[in-house]
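Student: I am new to this kind of model and would like to learn how to read its features one at a time. Could we go through it together?

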Amino acid sequence: MPDGRDILAVALEKTFDQNHPMTEPIRTAKLADTIAEHIEQLILEGSLRSDERLLSERELAARFDVSRPSLREALEKLEKRGLLYTGKGGATFVAPLLGQTFTEPLYAMLRSRPETTRDYLEFRCLVEGAATELAAMRATEVDRAIIDKSFQAMAAAHGKDDPSDEAESDADFHLAVYEASHNVVMLHIMRALSEMLRKEVFYNRSKLYQRKGVRELLLEQHRAVHLAVMSGDPAAARSAAEAHIDFTREALEEIAKADARLEVSLRRIARTDIVAPRK
């Protein structure tokens with residue numbers, strides 16, 4: 001498994017603030033079980049993300065105010081259950097809830113069947129609309145701050161010639177919306193699919209962003225989603241999200257048609273390679 005992001009190792013304020021409930025001291029008769037349940041809950045609710053590295057055993061024990069043997073036992077329990085894994089140097093990482101048994105077969109199937117892109121986008125339209133509607137209804141002030149930060153990063157990257165940063169911010173923005181929906185099933189499924197999207201399993205994002213006029217339209221669509229969620233308007237949020245995915249699907253279909261026409265043209269030019277010259 002990849003080393004992943006080093007978010008927990010640098011003790012971000014959101015995750016390991018001494019006053020944050022995620023790191024309240026834990027005291028109970030069955031300490032190892034309680035520690036394991038506490039960390040499991042953080043993973044389930046999405047507070048701890050796949051491939052994030054936990055603090056060292058010594059630092060984590062100090063944060064939770066527990067003994068290192070109790071913490072070690074708890075981590076071993078979670079690793080046996082597939083919720084954590086040991087990476088390079090013996091560091092402990094959060095395992096994906098939907099691991100390779102889910103993603104790898106799906107990855108291989110979708111790679112070999114490009115037509116499933118339409119199915120993916122059809123699914124995305126259904127889920128995206130619901131998630132964005134829920135986010136408009138349920139988002140906390142913290143959620144809104146994260147969504148706003150993601151959108152501002154996307155807008156800042158918009159002026160760059162290379163669309164890579166904007167595409168990454170795009171994916172981060174959608175994940176922030178899923179987190180704000182406060183539906184853990186939806187969140188974990190879409191996190192897994194988001195990683196596949198970043199790897200361009202479903203479609204080539206670079207082609208989409210490089211198409212004339214598309215970047216501007218996508219930014220405006222994200223702005224509409226951002227505004228609706230931030231203002232707490234569920235109906236407008238659903239409508240904006242569904243319109244965004246519909247546009248993406250139509251743009252990708254046009255790109256596919258253009259690519260197909262180009263291939264035909266190239267084959268016509270290349271026919272001389274297999275056709276005998278006229279006498």
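**Reading helices, rings and a buried arginine**

Tutor: Please keep in mind that this is a predicted model. Within it, helix 6 (residues 116-138) and helix 11 (residues 214-230) have axes that come within 8 Å of each other and cross at roughly 35°.

Student: How is a pair of packed helices described in general, and which residues of helix 6 and helix 11 meet here?

Tutor: Two packed helices are described by the angle between their axes and by the distance between those axes. In this case, Thr 132, Ala 135 and Ala 136 of helix 6 meet Val 225, Ala 228 and Val 229 of helix 11. Sorted by class, the contact of helix 6 with helix 11 has 5 nonpolar residues and 1 polar residue, with no charged residues.

Student: How should I read aromatic rings, and how many aromatic pairs does a search of the whole structure find?

Tutor: A pair of aromatic rings is described by the distance of the centres and the angle of the planes. Here a search of the whole structure finds 2 aromatic pairs. One of them is formed by Tyr 85 and Phe 93, which are stacked, with 5.3 Å from centre to centre and 15° between the planes.

Student: Why does Tyr 85 count as buried?

Tutor: Buried means under 20% relative accessible area, and Tyr 85 counts as buried because its relative accessibility is 10%. Phe 93, at 3% relative accessibility, counts as buried too.

Student: Where does Arg 249 lie, and is Arg 249 buried or exposed?

Tutor: Arg 249 lies in helix 12 (residues 234-270), and at 18% relative accessibility Arg 249 counts as buried. Apart from its neighbours within four places in sequence, Arg 249 is in contact with Arg 118, Leu 121 and Glu 122.

How values were computed: Residues numbered from 1 in each chain as written. Predicted model: local features only at pLDDT ≥ 70, side-chain atom pairs only at ≥ 80, totals over all residues. Heavy atoms only, no water. Phe/Tyr/Trp six-rings, centres within 6.5 Å; stacked < 30°, edge-to-face > 60°. Buried < 20%, exposed > 50% of the residue type's maximum accessible area, 1.4 Å probe, protein only. Axes fitted to C-alpha atoms, helices over the stretch in contact; angles between N-to-C directions. Helix = DSSP H or I, 4+ residues; strand = E, 2+ residues; numbered from the N terminus. Contact = heavy atoms within 4.5 Å. Nonpolar A, V, L, I, M, F, W, Y, C, P; charged D, E, K, R; others polar.
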